[in-house]
Amino acid sequence: MYDEVRKMNRLQSEKSPYLLMHASNPVDWYPWGPEAFAAARSQDKPVFLSIGYSACHWCHVIAHESFENKEIASLLNDHFISIKVDKEERPDIDAVYMDAVQLTTGSGGWPMTLLLTPSGEPFVALTYLPKESQGPIMGLKDLLECVAVLWRQDRAPLLSAAHELTTKMQELCRLQPEAAEPSKGLLCRAVSEFDAAYDIRWGGFGSAPKFPSPHNLLFLLRMFEYSGDDRALAMATGTLDAMYRGGLFDHIGGGFCRYSVDERWLVPHFEKMLYDNALLLWAYAEAARLTDQPLYARVARRTAEYVLREMTGADGEFFSAQDADSEGREGAYYLFTPDEIQAELGRDDANAFCRWYDITAKGNFEGFSIPNLIGNAQFSSEPVAIQSMRERIYAYRRNRMPLLRDDKVLTSWNSLMITSLCFASRALHEPAYLVAAQRAESFLFCNLSDHQGGLWIRYRDGEAKGDGILSDYAGYALALLALYDATLEKKYLERAEQIASRITSCFGDGQQDGFFLYSAHGERLVTRPKELWDGAVPSGNAAACLALLRLASRTGRKRWHQAADKQLRFMTGAAQASPTGYGFSLYAMVEALDS
């Protein structure tokens, strides 16, 4: 039973903002580590594993409903060893157990809710659960009570389920694509498959929810440049237009939210992530370069300005995220009423501003309005008067209520931002972006690198932690090569070679092609997968492919040409069955074929 006198649990010494959010829960949380699993073995208890992140709305919901609830805490403390993981701090753990969730449910998401044996094998793998059962949906309370009884009285079915699921996870990791030569035919087939899924009315691909997936847009833009395929350009620009016009783009403060819950891109999931804004900056800057349309340059600049203003630390480092919730309400920070606008701007200016951004008394989200340009035929140009009003409303909004920010610094996401700033600096003729990229790289080199090619995952409050995974190394290599291209400073190329050497020596598969998710020297989990298809960010193997290709072309060294060719053929083979899941690998293929 939870001791009422003790106010903080074992998470109080952690640095992760997400873990610290749970440090005062009545649940006796452990951070991931040997101590937790030793306790599970010595006390003969199953492990309750909860994985989430600080900006996640549903992570806040389950925390309030269940982890702050004394009844649930008592169940967990009496019958389980409870572990809380920040998925951004331990992406290796997240990826391994996401395989379990997807095998169990057919989909994924956060928070992840898993039950494990003391050896780490999952026998229950789900996402968000309400506290109480709701019809056919089992609640967390009933699940915990059921498993607690089974574990004491008849655990054989649980152990059998754990063995079966772990075996499936291991079999999934052993699947190996047959290498293939990159071809224009595969790229054209990918464009056709994107075309079949394209929403010609609202932009994007498939139905709601809609995700930005900017690496797919980068492929389509590059494919247009390579082949002249007008379909590719139309899909990319149609989606870029639609995302900007909707509420996915923060019209008041700049930058993009995580995804849209509707087909029109109006209602976003309100969290803002560094990686989305990095990749979207790259995509809009690329569209500006290819089309010379001022709109794309303006959106790119507003995205970069948002990151440099609100997501950048004193030493040039980039923070991870801003929360979806404010004052306990999803999206409250971003919502307005006409009366609020009038109180700040006066009646005449407020009327013009509200007409421009569709702010109405009826609202478009829970009685409030998300500013948007969906019905605005003049969306591609912004009057000076509207810009001036917008700046006044931005200042008002920043003082209206707080917006929580996750200020940990992640190597992989910072690397994406560095790469994007380097590209945008050249495409938009903005030298300040290159200066920002150099400052951020200096921070990574000083704080998240051992200067011998080794990397850590995250830095916060003076502490670097977590052995870097493939996406950290591949992403940092791309960032260094982008800086080399922009400056021709030899140090960046030398560091990129050092990082690439670590990729091939520590992540390579001695028996087959491709790179593992985590290093041979890292903590061994129940599986060691190879991340091939893209998710919200490019896969580590796709990023490694592009990094090796660019390193080979910049150095001319046989070693890197051989490594790049091998990885390119591996990723081409992986993409054969479903190329639209491999947008960043396709981007690398275009670069290889067009060189």
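Biologist: How are α9 and α11 oriented to each other?

Modeller: Look at the angle between their axes, which are lines fitted to C-alpha atoms, for helices over the stretch in contact; angles run from 0 to 180 degrees between N-to-C directions. Under 35 degrees is roughly parallel, over 145 roughly antiparallel, 65 to 115 roughly perpendicular, and the rest oblique. Helix α9 (residues 214-227) and helix α11 (residues 274-291) cross at roughly 20°. They are therefore roughly parallel. Their axes come within 9 Å.

Biologist: What kind of model is this?

Modeller: It is a predicted model, in which local features need pLDDT of at least 70, side-chain atom pairs count only at pLDDT 80 or more, and totals for chains, interfaces and linings use all residues. Residues are numbered from 1 along each chain as its sequence is written, and side-chain values use heavy atoms, with hydrogens and water left out.

Biologist: Which hand does the crossing of α9 and α11 have, left or right?

Modeller: Left-handed means the near helix is turned anticlockwise from the far one by less than a right angle; clockwise is right-handed. The α9 and α11 crossing is left-handed.

Biologist: Which residues of α9 and α11 meet?

Modeller: Contact means heavy atoms within 4.5 Å. From α9 come Pro214, His215, Leu218, Leu221, Phe224 and Glu225. From α11 come Leu279, Leu280, Trp282, Ala283, Glu286, Ala287, Arg289 and Leu290. By class, this contact has ten nonpolar, one polar and three charged residues. Nonpolar covers Ala, Val, Leu, Ile, Met, Phe, Trp, Tyr, Cys and Pro; charged covers Asp, Glu, Lys and Arg; the others, Gly among them, are polar.

Biologist: At what angle do α16 and α18 cross?

Modeller: Helix α16 (residues 411-428) and α18 cross at roughly 25°, and their axes come within 8 Å. That makes α16 and α18 roughly parallel. Their crossing is left-handed. On the α16 side, the contact includes Thr411, Ile418, Cys422 and Arg426. On the α18 side, Asp472, Tyr476, Leu478 and Leu483 are among the residues. The classes here are seven nonpolar, six polar and three charged.

Biologist: At what angle do α17 and α18 pack?

Modeller: Helix α17 (residues 431-447) and helix α18 (residues 470-487) pack at about 135°, with axes 11 Å apart. They are therefore oblique to each other. This crossing, too, is left-handed. Leu434, Ala437, Gln438, Glu441, Leu444 and Phe445 in α17 meet Tyr476, Leu480, Leu483, Ala486 and Thr487 in α18. This contact has eight nonpolar, two polar and one charged residues.

Biologist: How many helices and strands does the chain have?

Modeller: The protein chain has 22 helices and 15 strands. Helices (H or I, at least four residues) and strands (E, at least two) are DSSP runs, numbered from the N terminus.

Biologist: Is Leu478 buried or exposed?

Modeller: Buried means under 20% relative accessible area, exposed over 50%, and partly exposed in between (1.4 Å probe, protein chains only). Leu478 has 6% relative accessibility, so it is buried. This residue is found in helix α18. Not counting residues up to four places away in sequence, Leu478 touches Thr419, Ala543, Leu546, Ala547, Arg550 and Phe584. Take Arg550: it is 72 residues from Leu478 in sequence, but 8.1 Å away in space, C-alpha to C-alpha.

Biologist: Where is Ala588, and what does it touch?

Modeller: Ala588 is in helix α22 (residues 583-593). Its relative accessible area is 0%, so Ala588 is buried. Leaving aside neighbours within four places in sequence, Ala588 contacts Cys545, Leu546 and Leu549. Across the chain as a whole, 60% of the 595 residues count as buried.

Biologist: Which peptide bonds are cis?

Modeller: Check omega. A cis bond joins Trp110 and Pro111, with omega about 5°. Pro111 lies in the loop between α5 (91-105) and β4 (112-116). The bond from Ala208 to Pro209 is also cis, with omega near -5°. Pro209 sits in the loop between α8 (184-197) and α9.

Biologist: Where is phi positive in a residue other than glycine?

Modeller: Glu366 is one case, with phi near 55°. Its place is the loop between α14 (347-357) and α15 (384-400). Glu366 is exposed, at 61% relative accessible area. Leu488 is another case, with phi of about 60°. Its loop runs between α18 and α19 (490-506). Leu488 is exposed, with a relative accessible area of 62%.
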